[in-house]
Amino acid sequence: MGKDLSFGRREFLGAGLTAVAAASVGSSSEVLAQQPAKPLPAYVGWKDPNALIIHSDQTLEMKRDLFGSSLITPEDRLFVRNNVKAPPDSIVADRDGWRVEFAGVKEPKTLTLGDLKRMGVVTLATVLQCSGNGRKYFMDKLSGDQKMSGTPWTVGASGCVIWSGVPLKTVIAALGGQVTGVKYITGTGGEEIPAGLNPKDLIVERSVPLKNLDHVILAWEMNGKPLSVAHGGPLRMIVPGYSGVNNVKYVKTVALTVAQTDARIQSTNYRYHSMTEKPSPDHPAVWEQPVKSWITSPLTDKKAGQVQVTGLALGGMNELARVDVSLDGGKTWKEAKFVGPDLGRFAWRLFVLPAVMPPGEYTLVSRARDAKGNVQPEDSPLNGSGYGYNGWRGPAVKIMVA
Ligand SMILES: Nc1nc2c(c(=O)[nH]1)N[C@H]1C(S)=C(S)[C@@H](COP(=O)(O)O)O[C@H]1N2
Ligand SMILES: [Mo]
């Protein structure tokens, strides 16, 4: 990997212009694909520039009118989020030679990606969604003295993609099984931390409860192609149902651990804390995604008549049970129909409500319910870092029908 350590913490973490650029982007509630494209940062230069809102070099959001009706999000549109600078392309020069260290097992060992590919293969659809997706809807409701930092994502820091890889369980079994007392799966990202900076502050190392061993995979392929560097190639730890940050890219160590990592990204970042408290390991970690949905079409003014109101819903950890749609901002609701394939509880589903719309003003919203009875709230409880927004009110679409 690159020996150029000349960049400093600021560059590694991404330019500070984020807030300014984001504020101007965020002021109109949705940015549609028709808007002129800004050039993309080099590491995602292969993506569709018309598909993405560039909040910063490391935070790129997919435009809302591009979710489409075919369930799977194409890679060239999928949002990108790197907490630290993405590794150089050389990281995928020898994919099968990529080394992963396994610990917390009876026979600890370093395996190559080539070894892992020989051990098993499964394929799985999951919703990949940044923990801060929808933060904009919290920000919009802050009172004068309240402040929240972070990217003002609306709905586009999300996608539904198909991964192929080996079940972690298979690998652990091949290494003699877990040692006693372990409670977490801890994955470490392979970004090189520049010398002189504290690795604990920067390293992307996440711990999730051990029960996820039932479905965590180590994935080398997304939507039928070798995993790109932007999305974590050559190898990524996928924790189905868990929000973005738990899906560690460039995974170089997988350890079954007694405690959660003390890396900053786990200990104090990505915690649900109040507006006034400083986050600490005592606050709940941002792990499981809650039930959520939003409208994907129409997003703009329409001619009066028959309209197919479509949207997406995810159950997080659970199957979806139903989605209701309201055309009047939540006063009255009608049950929508699920359409298209059901790719399992970790994927999202497309829904549609055919509606006849006479001229007037409409506020389109959707509200999903999962099979365990969890329902999207009108608004999510405010938390200091703006994580986990799943309210139905925030992503409301106001349109005029003439
Ligand atoms: N190694 C590593 N893994 C990472 C990150 C990162 O910066 N480095 N960012 C996390 C966050 S916050 C999110 S939202 C997702 C984004 O995944 P994507 O860029 O493939 O869309 O990756 C997660 N995994
Ligand atoms: Mo994220």
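**Close-up views of a predicted model**

Figure 1. At 8% relative accessibility, H273 counts as buried, because buried means under 20% relative accessible area. This view, like those that follow, is drawn from a predicted model. H273 is placed in the loop between α7 (264–267) and β14 (292–297). Its side chain makes a polar contact of 2.7 Å with the side chain of S385. Not counting residues up to four places away in sequence, H273 touches P279, H283, N383, G384 and S385.

**Figure 2. The largest nonpolar core, which has 38 residues.** The members that touch the most other members are F102, L116, L168, I185, L218 and L235. At least two residues of this core come from each of β4 (99–103), α3 (113–119), α5 (168–174), β8 (184–189), β10 (217–222) and β13 (251–257). Another core, of 27 residues, lies apart from it, and I54, L60, A230 and L312 are among its members. For L218, leaving aside neighbours within four places in sequence, the contacts include F102, L116, L168 and L235. L218 is also in contact with S164, G165, V166, R236, M237, V251 and V254.

**Figure 3. Aromatic side chains.** The structure holds nine aromatic pairs. One of them, formed by F79 and W153, is edge-to-face, with 6.2 Å from centre to centre and 80° between the planes. This pair links distant parts of the chain, 74 residues apart. F79 belongs to the loop between β2 (59–62) and β3 (80–81), and W153 to the loop between α4 (135–139) and β7 (158–167). F79 and W153 are both buried. Elsewhere, ring pairs link F67, W294 and W348 into a cluster. A further view shows R367 over the face of W333, at 4.1 Å from the ring centre.

**Figure 4. Residues around ligand 1.** There are 21 residues around ligand 1, and N83, E191, H231, R236 and K249 come nearest. An oxygen atom of ligand 1 lies 2.6 Å from a polar side-chain atom of H231. The side chain of K249 has an N or O atom 2.5 Å from an oxygen atom of ligand 1. At N247 the backbone is involved: one of its polar backbone atoms is 3.0 Å from a nitrogen atom of ligand 1.

Figure 5. Most peptide bonds are trans. P234 lies in the loop between β11 (225–226) and β12 (236–238). P298 is found in the loop between β14 and β15 (305–314).

**Figure 6. Positive phi at L71 and Y250.** Most residues other than glycine have a negative phi. L71, which is not a glycine, has a positive phi near 75°. This residue is in the loop between β2 and β3, and L71 is buried, with a relative accessible area of 4%. Y250 is likewise not a glycine, and its phi is positive at about 50°. The place of Y250 is the loop between β12 and β13. With a relative accessible area of 0%, Y250 is buried.

Methods: Residues are numbered from 1 along each chain as its sequence is written. Chains are lettered from A and ligands numbered from 1 in the order in which they are written. This is a predicted model: local features need pLDDT of at least 70, side-chain atom pairs count only at pLDDT 80 or more; totals for chains, interfaces and linings use all residues. Side-chain values use heavy atoms; hydrogens and water are left out. A nonpolar core is a set of buried Ala, Val, Leu, Ile, Met, Phe, Trp, Tyr and Cys residues joined through side-chain atoms within 4.5 Å. Buried means under 20% relative accessible area, exposed over 50%, partly exposed in between (1.4 Å probe, protein chains only). Helices (H or I, at least four residues) and strands (E, at least two) are DSSP runs, numbered from the N terminus. Contact means heavy atoms within 4.5 Å. Rings of Phe, Tyr and Trp (its six-membered ring) pair if their centres lie within 6.5 Å; planes under 30 degrees apart count as stacked, over 60 as edge-to-face and the rest as tilted. A charge sits over a ring if NZ of Lys or CZ of Arg is within 6 Å of the ring centre and within 35 degrees of the ring normal. A residue is near a molecule or strand if one of its heavy atoms lies within 4 Å of it. A polar contact is a pair of N or O atoms within 3.5 Å; within protein, one must be able to donate a hydrogen and the other to accept it, and residues adjacent in sequence count only if both atoms are side-chain atoms.
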